Amino acid sequence: MNEKKKRRVRPAAIILPFIPVIAGLCALMIGRYSVTPADLWHSVVGHLTGGSLPSGFVESTLWHVRLPRILLAMLAGAGLSAAGCSFQSLFSNPLATPDTLGVASGASFGAALGMLCGMKLVGIQLFALGFGILAILLTTLTGSGRAGRGLSGTVLAGIMIGSLFNALVSWAKLTADTESELPAITYWLMGNLGSAGYGELLLGAPPILIGLTVLLLLRWRMNLLPLSEDEARAAGVNLKLLRGTVIGCAAVMTASVVSMCGQVGWVGLLVPHICRMKWGSNQLSLLPASVFIGAGFLTVVDTAARSMTASDLPVSILTAVIGAPFFIYLMRRTEGWRL
Amino acid sequence: MNLTVENASFAYKKGKPVLSELSFSVSSGQLVAVLGPNGAGKTTLLRCMAGFLPWSAGRTLIDGTELGSIPSRQLWRRISYVPQARGNPVSLAVEDMILLGCTGRIGVFSSPGEEERGFVRSLAAELGISALLGRRFDELSGGEAQMVLIARALAAKPELLILDEPESNLDFKNRLIVLETLRSLAKGGMAVIFNTHYPEHALQHADRSLLLGKDGRALFGETDIIVTRDHIREAFGVETVVGEFEADGTRVRGILPVRLADDADKGEQI
C-alpha cells in the first residue's frame, strides 16, 4: 500500500443531498405524458404566487400522480438503504439485508392477509405494518438467548421467522381467488410504488422519518457495532440499548416501506455496498450517503419502471436489472466489497 | 487508582472452577503481568476483573468501590481494555478506529470534533504511529494493529489499562515496541495489567506478576519472587533455566525452556 494521505475535503457531502432532489425534479417531468420544464416552472410559480396555473391535466399529473409516487420512492429508497446499511454493520455480515430479521416477510404476509380479507389500501397497510412488527418481536424474543454468543442466534431466528412467514404467504396465495386476489398479491409482492397517495404517505412516512433521524443521530456510535462485544462495551457504550435501538429503527422502517409499496428488493443490499466502496465504512459519512443515494436510486429506477412500458413494471425487477450489473462493475473497478 | 480483586473465583460450570480464590491488586505506576499456560484462564481472569463476566464469588474493587456498582459510562472512563488483535475485518481508517476510543466521553448523539481529532493525532505521535493514521485498519500488520488498539484504549484517557495478550502474535521487534510502550505508560503513572504466556516478558518488564496454575489457584507478588524455576515447573510443567546476560552494558534476564518436567502430563499440554 503506498502512502496516499489526502486530507479529504468532501465535495460529496455538498453534492449528495442534491442527488435525490435533482432526481425528483427530473422524475416529475418524465413519464408517458411528458411535462416540459416550462410547465413545471409555470405551475410552481402559480402555486407560490397564487397566479395562473397550467391545464388541469398537467396539474393533476404533477401533484396528484407523480409527486406522491416520487416522495414514496425517496422514502422507501432512503429507508431500505439505511436499514440494510445498519444491519450489515450490526451483524458484521456483508449479506445482511433489511429482511434479515424476517420483517419484510412478516409485513408481506400481513399485506397478503389484508388483501384476502378484501381490505382497502389503508387496512392492508396497517396489517402489513402490524405483522412486520410482530415478526421482529418474534425474532428478537426467540433469538436472544444466552449472553456472550453474539448476534448469530438473532440472525438464525430471523431466517426461521422469515421462512415461516414466507410459507404463510404461499398459503395465502394458494387460498386466494385466482381471478383477482392472486394477481394482486403477486404483483404487490414484486413491489409497486404506483398505489400510493398522500393518505398512505401520511401513515407510512412518520415511522421511516423517525427511524432515519434516530439512526443518523446515532451514526458515530454505529461504528462500534462490527467490533467484538467486549470492545464495544469497553468504549463505555450501553451495547444492548444501542443494538436494540438500531434493530428497532431498521425494522420499523422496513415494515413501513413494505406496507406502502411491497417488497422492493435489492436496494437495501446494493446501495450500502456501493456507498461503502465509494466512501468507506465510517458510518459518519456512509449512512448519510446511503440515505441520499438510496433515495435518488429508487426515484430513478421507479421513474424508469413507470415510463418504459405501457404497464407499470414491478420495481423489484428493475432494481435488480439495473443494480446488479452496476454493482458488479463497481466491485471489479474498486477494491471489492468490504464491511 | 487502585484495582483490587478479593477472594475471587469463577466457574463456567458448577464444581469446575476455572479460577479460585484469587487476590491481587494493581495500582497507578505499576506494570502487572498475568502469566499462565494456554487454557489456564488468563483471558477469563481479565474479563471477570473488568466486569464483562460476573465473578462466581469474590469481587473487584476500584479505589474501594465495588466495580459492579459503578455506572458503566463512568467506569470505562477510568479503565480501558485492549482485546487480542485477531484479524478483525473492520475497514475503518486508523484515525477513526482510534477515535472510537473517545466515544465514551462525547454525547450519545454527537460525533468526535476537532478537539478529539487533535488529541488522537498527538496520541499517535507519542506512540510513533502517526504514519498509520491514513491507512485502513484491516490492511495493517499484526504489530501495527496492536499498537492502534492500544492507542484506541488510550484515547479514552484511562487510569488503568487492561490488555489481553498484547504481544503474543508479534515478532521480536514488535513485542519490544509493545512492551516498552506499556512500561513507559506505567512509568507515566498509569496502572497497567496484561496477559502473557511468555514468562520472560513478565521477568523482563513487569513489577509484579500473577502466576496462574492449572488448578485455578494463583501466586501473586513481586516478579522476582513469583517467576522462578520451581513455580514455572509447577504451572507450565516445563523445566527451565533462568539466566542473566550482559549486552551493551545492560543486564537482561532470560528464561529458557529445557525440557518437559518429568511429571508433566503431555495430554494436558495440548
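This is a predicted model: local features need pLDDT of at least 70, side-chain atom pairs count only at pLDDT 80 or more; totals for chains, interfaces and linings use all residues.
The crossing of α5(A) and α6(A) is right-handed. Two packed helices are described by the angle between their axes and the distance between the axes. For helix α5 of chain A, residues 103-116, and helix α6 of chain A, residues 121-143, the axes come within 7 Å and cross at roughly 145 degrees.

Which residues of α5(A) and α6(A) meet? On the α5(A) side they are V103(A), G106(A), A107(A), F109(A), G110(A), A111(A), L113(A), G114(A) and M115(A). Facing them in α6(A) are I124(A), F127(A), A128(A), F131(A), G132(A), A135(A) and I136(A). By class, 12 residues of this contact are nonpolar and four are polar, with no charged residue.

Helix α5(A) also packs against helix α11 of chain A, residues 239-261; here the axes come within 9 Å and cross at roughly 35 degrees. This crossing, too, is right-handed. From α5(A), the residues V103(A), A104(A), A107(A) and S108(A) meet A251(A), T254(A), A255(A) and V258(A) of α11(A). The contact of α5(A) with α11(A) comprises six nonpolar residues, two polar ones and none that is charged. Which helix contributes the largest share? That helix is α2(A), with five residues of the patch. I22(A), for instance, lies in helix α2 of chain A.

Finally, charged pairs. Over all chains, the structure holds 24 salt bridges. One of them joins K42(B) and E165(B), whose closest N and O atoms are 3.7 Å apart. The pair links distant parts of the chain, its members being 123 residues apart. K42(B) belongs to helix α1 of chain B, residues 42-49, whereas E165(B) sits in the loop between β7 (160-163) and α6 (172-187) of chain B.

Key. Residues are numbered from 1 along each chain as its sequence is written. Chains are lettered from A and ligands numbered from 1 in the order in which they are written. Side-chain values use heavy atoms; hydrogens and water are left out. Helices (H or I, at least four residues) and strands (E, at least two) are DSSP runs, numbered from the N terminus. Axes are lines fitted to C-alpha atoms, for helices over the stretch in contact, and angles run from 0 to 180 degrees between N-to-C directions. A crossing is left-handed if the near helix is turned anticlockwise from the far one by less than a right angle, and right-handed if clockwise. Contact means heavy atoms within 4.5 Å. Ala, Val, Leu, Ile, Met, Phe, Trp, Tyr, Cys and Pro count as nonpolar, Asp, Glu, Lys and Arg as charged, and the others, Gly among them, as polar. A salt bridge is a side-chain nitrogen of Lys or Arg within 4 Å of a carboxyl oxygen of Asp or Glu.
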